[in-house]
Amino acid sequence: GKKSKTIPFDKITDCDMEEPAGTSCFCFIPEVLTTVNIDTASSGQDGSRELSIAGLKNPLGFKKLTWAMKRSASQGRSGVIPSDVIDQGNVDNKGGQGSVTMLLTEIR
């Protein structure tokens with residue numbers, strides 16, 4: 001079934017990536033999906049993650065965007081994406097912040 005989870009940016013303590021390596025299913029199928037793990041202060045006590053997302057098209061961009069949004073939220077500029085994040089190609093320059101909204105909607 002469908003699952004939904006909301007984690008406020010101010011609760012995020014870590015955002016890391018697990019790159020694919022090796023194979024699965026009796027060494028016949030190569031691992032190809034990168035997983036982005038998001039932790040909060042209450043997660044990880046038993047080795048679990050608050051949220052794991054696998055198969056994003058641009059996992060590094062998602063990670064950088066997550067940290068940029070967390071920094072902007074902590075500075076009281078909620079929802080404002082710094083231009084340096086957009087300029088680095090992590091967000092589509094043509095679509096600007098509209099493409100960020102589309103990215104976050106697709107993840108949802």
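This is a predicted model: local features need pLDDT of at least 70, side-chain atom pairs count only at pLDDT 80 or more; totals for chains, interfaces and linings use all residues.

Ile29 has a relative accessibility of 45% and therefore counts as partly exposed, a class that lies between buried (under 20% relative accessible area) and exposed (over 50%), computed with a 1.4 Å probe and protein chains only. Residues are numbered from 1 along each chain as its sequence is written, and side-chain values use heavy atoms, with hydrogens and water left out.

**Terms for the patch and surface**

- The accessible surface of the protein comes to about 7500 Å², and 53% of it belongs to carbon and sulfur atoms; the areas come from the Shrake-Rupley method with a 1.4 Å probe, and for residues only the protein chains shown count as cover.

**Overall make-up**

- The protein contains 3 helices and 5 strands, which follow one another from the N terminus as β-β-β-β-β-α-α-α; helices (H or I, at least four residues) and strands (E, at least two) are DSSP runs numbered from the N terminus.
- Of the 108 residues in the protein, 30% are buried.
- Among contacts (heavy atoms within 4.5 Å) between residues at least 6 apart in sequence, 40% join residues at least 24 apart.

- An open sheet is formed by 3 strands in the order 1-4-5, with antiparallel pairing, where two strands pair if DSSP finds at least two bridges between them.
- Strand 1 (12–18) and strand 5 (51–54) stand at the edges of this sheet with a single partner strand each, so one side of each is left without a neighbour there.
- Strand 4 (residues 35–40) and strand 5 run antiparallel and are joined by 4 bridges.
- Thr35, which lies in strand 4, has Ala54 in strand 5 as its bridge partner.
- Thr35 is buried at a relative accessible area of 18%, and, not counting residues up to four places away in sequence, touches Asp16, Met17, Glu18, Ser52, Ile53 and Ala54.
- Helix 1 (residues 59–74) lies across strand 1, strand 4 and strand 5, running at about 170° to strand 1; axes are lines fitted to C-alpha atoms, for helices over the stretch in contact, and angles run from 0 to 180 degrees between N-to-C directions.

**Salt bridges**

- A search of the whole structure finds 3 salt bridges, each defined as a side-chain nitrogen of Lys or Arg within 4 Å of a carboxyl oxygen of Asp or Glu.
- Lys5 and Glu50 meet through their side chains at 3.2 Å, N to O; because Lys5 lies in the segment before strand 1 and Glu50 in the loop between strand 4 and strand 5, the pair ties together parts that are 45 residues apart in sequence.
- The side chains of Arg49 and Asp16 also form a salt bridge at 3.2 Å, N to O, and this pair ties together parts 33 residues apart in sequence, since Arg49 lies in the loop between strand 4 and strand 5 and Asp16 in strand 1.
- Asp39 and Arg49 form a salt bridge at 2.7 Å, N to O, and salt bridges that share partners join Asp16, Asp39 and Arg49 into one network.
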